[in-house]
Amino acid sequence: MKQLLAYTDILILAPFFLGYLWAADKFCKKFLGACPRRAWLFLPISFCGWLCCNILGRLSSGLYPFSVFLYPVFFIGLVVVLFQSEREKRILAASMLVAVRLAADFSASFLSCLELFFLHIVKKIPEPFFKDWETGLVSGIGYCFAILAVRWMWEHLENVFCGKPRKWYVILTVPLLLVIAVYDVACLGASNGIMVRSGGNMGLYYDQIFSLAEFLVLDFLSMAAAGFYVFGMERIYLEQEKSGRYHSQISVYKMLAEQYRRSERLRHDMKNHIIALSALSRNKEWEKIDGYLKNMEGIALDVGGDMTGNKAVDALLHQKRKQAKEGNIQWECDVQIPGECCINEFDLCVLFGNILDNALEACGRMQGDECRFINIQAKAVKKCFLVEVKNSMGRAEKFTESFTDKGNYQAHGIGLLNVGDVVDRYNGAVHKEAKKGIFVISILMPFPDAVHDIKTAV
């Protein structure tokens, strides 16, 4: 019985910790995927490992430091073995779940401070001291906050775990593990009286307050370092992806515009080409005719429709119209670009290109005999340039402010972020809406001055 009482705090803490493991199991299954034959093993094995490490630390003071570092290593190894996905991603997920313990420790230290203040000031106890069951209960409540932290990560870390190269996961994992290791060493030192407390002559009450304050500061700094690093690196990665996507699109649009100009020159000179070919035919110079036609084939482009007055946009719309035709998608386009438009032509291409890529992708995902269409309207309205694109989408798809929940959402989201950057550059506004299987995006960008010179519309 006495031995059982010695482990009262562990017994009280056990159900709370089991709840944390349940949340961790859901987190791993969402972002990593579990092996069907081994998925059920995570909860019992990790819980038994935690019990063994705690009991081992109680058996001997010499084993306590070993038990502190043993369980995080055991937990990470268990995640790597029992779950799927890339190994680097599994280690990152496990490291984040271990780091969530910082939230539990911070909450427990804060609640302990409040309880000490209450006992000392309200209850007038000179030197209050926690019993084992109180320590277990406070630690258990701390793990309730850890469960909430896992839930928050579940909802907000999707971008961190999806669509990244393996090197990205390594870059995130190493500093995160370093923060955890430093925190454990500092906690071990604090538990052995290495860190400064009240000076040893102010009584047990102040010793406990100083000790808990040290843990609060240490927990807060560790959580801040881990959080700022993870989200800072995600922001850097996103900016690099946006920049790379933007510049790669610009290169493609330049190539399309040049090809379109060459095709227009070919059409303009078609009369002369026909005369030259007729002369070669009359002279029966078949080899020269063959070479002439091959040269024309290299620059030929089927020109027709989408004449907006801007060569780069013309080339882009022509390319997207071909893709829509191949996908049996109804195409309606009425784009009127002012002759002295203040918007850079390649910014216009980024705008139209990303929107139409998403529209084509949404139409391509539709099943059965559903009507597929893309409708593009763009013109100058008073002192603004208005763009509105409507496209059909699957009725089962859900829509968020960034992207729909189907397909390659990572590329889809970055595309719309680039659209947002272009609109912000010209002090414009974007509105997105999805109703009854139709997605609508409207963009309004003001001109410095009113522009009424509309060249052409198709």
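A pocket is an open set of points on a 1 Å grid over the protein atoms alone, where a 1.4 Å probe fits and protein lies on both sides within 12 Å along at least five of seven lines; its lining residues have an atom within 4 Å of a point. The model is predicted, so local features need pLDDT of at least 70 and side-chain atom pairs count only at pLDDT 80 or more, while totals for chains, interfaces and linings use all residues. Residues are numbered from 1 along each chain as its sequence is written, and side-chain values use heavy atoms, without hydrogens and water.

The largest pocket is lined by 45 residues. Y64, D105, T135, S139 and F215 lie nearest its centre. Elements giving two or more residues to this lining include α2 (8–31), α6 (101–122), α7 (132–156) and α10 (204–268). Helices here are DSSP runs (H or I, at least four residues), numbered from the N terminus. The largest share, seven residues, comes from α10. The lining holds 25 nonpolar, 11 polar and nine charged residues. Ala, Val, Leu, Ile, Met, Phe, Trp, Tyr, Cys and Pro count as nonpolar; Asp, Glu, Lys and Arg count as charged; the others, Gly among them, count as polar. The volume of the largest pocket is about 1800 Å³, a volume being the space filled by probe spheres set on the points, which are joined across faces, edges and corners.

The second largest pocket has a volume of about 380 Å³. Its lining comprises 16 residues, with V100, W152, M153, M223 and G227 nearest the centre. Two or more residues each come from α5, α6, α7 and α10. Again α10 gives the most, with five residues. This lining has 15 nonpolar residues, one polar and no charged.
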